[in-house]
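Here are some notes to go with your first look at this one. Have the sequence and the 3D view open while you read.

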Amino acid sequence: MELQGSHHFPVRFDDEVVSDAVRAFVVQRTVRDQKMKWGAAVLMVVACLFLVVQGNFTLAVLAIVVACFPAIFSAIVWRAHSANTFGRYNRMADRRADITIDPEGFGISSDLGSGNLTWRNVTEIWERPRSFMLFSGANAFNILPRDTMPEEVQAFLSARSVRR
């Protein structure tokens with residue numbers, strides 16, 4: 001689907017939209033995309049149980065510590081992205097921004113400043129129930145709330161997105 005013309009609309013960021021985006025990011029990047037690490041953690045828990053039964057408590061403690069690494073990593077990523085994302089939106093005077101979307105790319109303007117990205121710099125689009133997440137890198141994303149987004153823009157982004 002092609003987008004016709006330029007679309008300009010205001011958005012408001014609320015805690016629910018921001019929390020949902022951070023949660024989706026953390027679950028996707030640190031759980032779903034890291035299935036092998038979580039599988040290894042489960043095997044380490046099994047090894048821990050086996051070592052406890054054998055009476056080797058030192059190695060059992062080591063196994064359980066290693067099994068916790070994926071969860072610790074997820075918690076660190078959650079904390080970092082939550083602090084960064086909420087910090088950015090909390091610095092906004094009224095948590096509002098003006099969005100411009102056209103066939104060339106999109107722009108965001110708020111009291112924090114403004115920026116533009118072309119579509120070729122958008123690596124992924126995730127569709128969420130109340131927003132779209134536009135990625136410009138593996139860990140960098142912009143949140144676009146859907147509340148005031150025109151239907152044509154939602155259809156355009158939805159056609160290019162991956163549901164997460």
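This is a predicted model: local features need pLDDT of at least 70, side-chain atom pairs count only at pLDDT 80 or more; totals for chains, interfaces and linings use all residues.

1. The elements giving two or more residues to it are α2 (35-54), α3 (57-67) and α4 (69-90).

2. Which helix gives the most to that patch? It's α3, with six residues. Val65 lies in this helix, α3. With a relative accessible area of 41%, Val65 is partly exposed, because anything between 20% and 50% falls in that class.

3. Now for the aromatics. Searching the whole structure turns up seven aromatic pairs. In one of them, Trp119 and Phe156, the ring centres are 5.3 Å apart and the planes are at 65 degrees, so call that pair edge-to-face. What I'd point out is where the two partners sit: Trp119 is in the loop between β4 (113-118) and β5 (124-127), while Phe156 is in helix α5 (residues 151-159). They are 37 residues apart, so the pair links distant parts of the chain.

4. Are those two partners buried or exposed? Trp119 is buried, at 8% relative accessible area, and Phe156 is buried as well, at 4%.

5. Phe135 and Phe141 make another aromatic pair, this one tilted, with 5.3 Å from centre to centre and 50 degrees between the planes. Both Phe135 and Phe141 are buried. Together with Phe25 and Trp126, they form one aromatic cluster.

6. Two charges are worth a look while you're on rings. The charged end of Arg29 sits over the ring of Phe135, 5.1 Å from the ring centre. Likewise, the charged end of Lys37 sits over the ring of Phe73, at 5.8 Å from the centre.

7. Last, the cysteines. How many disulfides are there? The count is zero. For Cys48, the nearest cysteine sulfur is that of Cys68, 9.3 Å away. That is too far for a bond, because a disulfide needs the two sulfur atoms within 2.5 Å.

Definitions and conventions:
Residues are numbered from 1 along each chain as its sequence is written. Side-chain values use heavy atoms; hydrogens and water are left out. Rings of Phe, Tyr and Trp (its six-membered ring) pair if their centres lie within 6.5 Å; planes under 30 degrees apart count as stacked, over 60 as edge-to-face and the rest as tilted. Helices (H or I, at least four residues) and strands (E, at least two) are DSSP runs, numbered from the N terminus. Buried means under 20% relative accessible area, exposed over 50%, partly exposed in between (1.4 Å probe, protein chains only). A charge sits over a ring if NZ of Lys or CZ of Arg is within 6 Å of the ring centre and within 35 degrees of the ring normal.
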